Amino acid sequence: MKKSIILLFLISQFCFSQNYKSIMVTYKAVLESIKIDPTNVNQNDLFTDINKSASSKSFILKANSNGFVFEEELIMEEDDNMKRVSKIANILFSINNYSYDKERDKLFTITNNLNVISNHSYEWDLTSETKKIDNYTCYKATYIYNFITTKGKEVNRLITAWYTPDISFSYGPNGYMGLPGLILELEYDKTKLVAKEIQFFKEDIKIDFPKNREITEEEYLKRIKIN
Amino acid sequence: MKKLMFSAVALVAFSFAGMANEVKEIETTKSKEEVVVVEDECVQASFDAAAVVIGMFALELTPLQEGTLILALYDACDAGR
């Protein structure tokens with residue numbers, strides 16, 4: 001009898017968790033602090049502020065049937081200087097705001113009031129390694145992100161994602177997507193983004209997709225005259 | 001009376017029309033305008049600061065990230081003026 005009740009409870013929980021159209025996920029950023037050189041007086045204030053900003057960052061992923069938006073959870077009490085520092089900190093830890101238009105299958109990096117069209121065809125290597133994150137069984141997947149810096153150096157950055165097939169959105173933090181379930185943890189270099197709270201909604205929640213001008217990355221770099 | 005008024009108006013109208021066809025030679029002098037280019041010190045400063053930050057922390061940024069860093073540093077420099 002007890003086993004039947006427990007089984008019924010688990011099934012009802014499973015059913016409820018599948019009976020949703022939108023989700024909102026809060027990711028906490030776990031970032032490696034910048035080592036401050038005490039002899040470097042000029043930049044130490046900036047780096048101290050960057051470490052302070054990095055220690056309290058959260059990001060929100062909102063997803064519905066139209067796609068998703070991933071952006072930093074803004075701290076209202078921050079002054080203009082800390083907002084600028086926060087922006088610099090995000091760049092140093094390679095974290096951006098993103099939006100994904102599901103109908104057009106387009107991923108955008110949102111920067112400087114522009115929607116920069118970004119690549120989202122990730123060649124994930126799925127493994128059978130698992131771990132529990134907040135009672136969800138998560139599977140490990142890896143991806144090698146290749147790019148060339150402006151100095152011509154070739155970089156191969158290992159991206160490690162832990163996703164759960166129990167949540168049927170193939171999205172995740174920082175623009176990473178395409179896995180058979182929601183990414184609850186993402187790690188690369190000095191950055192880790194971990195899901196701390198997940199809210200499920202039965203209806204399509206309203207998401208403000210940024211309506212900035214869309215440009216290619218090449219156009220964006222031409223504007224800054226960096227290439 | 002009406003014919004007189006019409007004639008007066010017609011006379012004025014045609015005299016203006018006649019004046020429109022006159023060609024006058026107008027002397028023009030070209031004035032030299034000096035264009036002064038003001039260099040924005042924050043532009044170079046932001047590129048220099050980005051190079052320092054990238055070098056100091058051995059950062060490996062994509063061109064997009066580096067561009068965004070330069071713009072963010074420019075904003076910081078601009079705010080400090």
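Helix α3(A) and helix α3(B) are roughly antiparallel to each other, a class that covers angles over 145 degrees. This is a predicted model, in which local features need pLDDT of at least 70, side-chain atom pairs count only at pLDDT 80 or more, and totals for chains, interfaces and linings use all residues. Residues are numbered from 1 along each chain as its sequence is written, and side-chain values use heavy atoms, without hydrogens and water.

The table sets out two helix pairs, with axes fitted to C-alpha atoms over the stretch in contact and angles from 0 to 180 degrees between N-to-C directions. Helices are DSSP runs (H or I, at least four residues), numbered from the N terminus.

| Helix pair | Axes come within | Crossing angle |
|---|---|---|
| α3 (residues 80–92) of chain A and α3 (residues 63–79) of chain B | 10 Å | roughly 160 degrees |
| α2 (residues 41–56) of chain B and α3(B) | 8 Å | roughly 125 degrees |

Contact here means heavy atoms within 4.5 Å. Among the residues joining α2(B) to α3(B) are B:Phe47 and B:Ile54 of α2(B) and B:Leu69 and B:Tyr74 of α3(B).

Between the chains, the contact of α3(A) with α3(B) includes A:Ile88 and A:Ile91 on one side and B:Leu69 and B:Leu73 on the other. Overall, 31 residues of chain A are in contact with 23 residues of chain B. Two salt bridges are found across this interface, each requiring a side-chain nitrogen of Lys or Arg within 4 Å of a carboxyl oxygen of Asp or Glu. B:Glu60 and A:Lys153 meet through their side chains in a salt bridge at 2.5 Å, N to O.

Conventions:
Chains lettered and ligands numbered in written order. Helix = DSSP H or I, 4+ residues; strand = E, 2+ residues; numbered from the N terminus. Parallel < 35°, antiparallel > 145°, perpendicular 65-115°, else oblique.
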